[in-house]
Amino acid sequence: MTHSMRTETHTPHVGRGVGRRDSAARYALLPLRVFLGVTFIYAGLDKLTDSAFMKASGAGSLGDTMRSVRDSAAIPALVDLALKSPVGFGYAIALGELAVGIGVLFGILGRLAALGGALISLSLWLTVSWSTTPYYYGNDLIYLMAWLPLVLAGTPLFSVDAMLRRRRRDDGYR
């Protein structure tokens with residue numbers, strides 16, 4: 001007896017005789033995707049418009065924040081790297097958050113965008129929120145875990161990725 005393995009990467013459409021449970025499973029990641037996308041867009045815009053954040057020193061600045069967490073960070077070298085150019089690092093984080101949020105929300109290179117979000121959350125967890133006690137009070141670890149399903153699954157529904165995949169399939173490419 002021969003067994004076959006399903007190798008399709010696209011999600012079947014709703015109207016193909018699937019039950020509610022299958023339909024719910026297909027849409028399960030959409031709320032997470034919308035939440036993370038909107039949150040990271042907001043976080044990026046918030047940083048870009050906060051004049052105090054984008055400074056090397058002063059109340060509310062990224063520079064002062066990094067100096068205050070340096071000794072308690074899991075990887076102080078990451079903090080030292082950020083402190084070489086706090087303003088440049090601030091713009092990199094803000095633009096990265098904006099790109100990740102847009103990518104995940106609209107499904108543009110969804111897995112890559114989710115991986116970027118996971119890496120941003122990992123770097124923030126290992127630096128800024130590492131010393132939070134108990135560990136589950138630190139939101140960066142929770143964001144890191146929230147990104148992982150999207151890294152694995154991508155953005156298969158209501159996305160530019162899905163539209164391009166459908167177009168390639170319709171044109172005869174697999």
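This is a predicted model: local features need pLDDT of at least 70, side-chain atom pairs count only at pLDDT 80 or more; totals for chains, interfaces and linings use all residues.

Reader: How is L45 to be classed, as buried, partly exposed or exposed?

Author: The class follows from the relative accessible area: under 20% is buried, over 50% is exposed, and the range in between is partly exposed. L45 has a relative accessibility of 42%, so this residue counts as partly exposed. In sequence L45 stands 53 residues from L98, while the C-alpha atoms of the two are 7.0 Å apart in space.

Reader: Which elements make up the protein as a whole, and how many helices and strands are there?

Author: The protein has eight helices and zero strands. Read from the N terminus, the order is therefore α-α-α-α-α-α-α-α. Of the 174 residues, 34% are buried. Among contacts with a separation of 6 or more, 65% join residues 24 or more positions apart. The accessible surface is about 10,800 Å², and carbon and sulfur atoms account for 63% of that surface.

Reader: How should I read a salt bridge, and how many salt bridges are there?

Author: Side chains of opposite charge can pair when their charged atoms come close. In this protein the count is four salt bridges. One of them joins E97 and K47, with 3.1 Å from N to O. Because E97 belongs to helix 5 and K47 to helix 2, this pair ties together parts that are 50 residues apart in sequence. Both E97 and K47 are buried.

Reader: What else does the charged end of K47 meet?

Author: The charged end of K47 sits over the ring of F53, at 5.8 Å from the ring centre.

Reader: Which residue forms a salt bridge with D64?

Author: The partner of D64 is R67, and their closest N and O atoms are 2.9 Å apart. Both lie in helix 3 (residues 62–69), three residues apart, so about one helical turn separates them. D64 is partly exposed at 32% relative accessible area, and R67 is partly exposed at 42%. A further salt bridge joins D71 and R70, at 3.6 Å from N to O. Here D71 is exposed, with 70% relative accessible area, whereas R70 is partly exposed at 28%. R70 and D71 also belong, with D80, to a network of salt bridges.

Reader: How many aromatic pairs are there, and how does one judge the geometry of such a pair?

Author: Searching the whole structure gives seven aromatic pairs. The angle between ring planes decides the type, and over 60 degrees counts as edge-to-face. F40 and Y143 have ring centres 6.1 Å apart and planes at 65°, so they form an edge-to-face pair. Since F40 is in helix 2 (residues 30–49) and Y143 in helix 7 (residues 139–153), the pair ties together parts 103 residues apart in sequence. F40 is buried at 5% relative accessibility, and Y143 is buried at 19%. Ring pairs also link F35, F40, Y143 and W147 into a cluster.

Reader: Which residues form the nonpolar patch on the surface?

Author: The patch consists of I102, F106, I108, L109, L112, L115 and L119, which together have about 660 Å² of accessible area. Helix 5 (86–106) and helix 6 (110–127) are the elements that give two or more residues to the patch. Helix 6 provides the largest share, three residues. L115 lies in helix 6 and is partly exposed, with a relative accessible area of 39%.

Terms used
Residues are numbered from 1 along each chain as its sequence is written. Side-chain values use heavy atoms; hydrogens and water are left out. Rings of Phe, Tyr and Trp (its six-membered ring) pair if their centres lie within 6.5 Å; planes under 30 degrees apart count as stacked, over 60 as edge-to-face and the rest as tilted. Helices (H or I, at least four residues) and strands (E, at least two) are DSSP runs, numbered from the N terminus. Buried means under 20% relative accessible area, exposed over 50%, partly exposed in between (1.4 Å probe, protein chains only). A charge sits over a ring if NZ of Lys or CZ of Arg is within 6 Å of the ring centre and within 35 degrees of the ring normal. Patches are made of residues with over 30% relative accessible area and no salt bridge: like charges are joined within 9 Å, nonpolar side chains (Val, Leu, Ile, Met, Phe, Trp, Tyr) within 5 Å. Accessible areas come from the Shrake-Rupley method with a 1.4 Å probe; for residues, only the protein chains shown count as cover. A salt bridge is a side-chain nitrogen of Lys or Arg within 4 Å of a carboxyl oxygen of Asp or Glu. Contact means heavy atoms within 4.5 Å.
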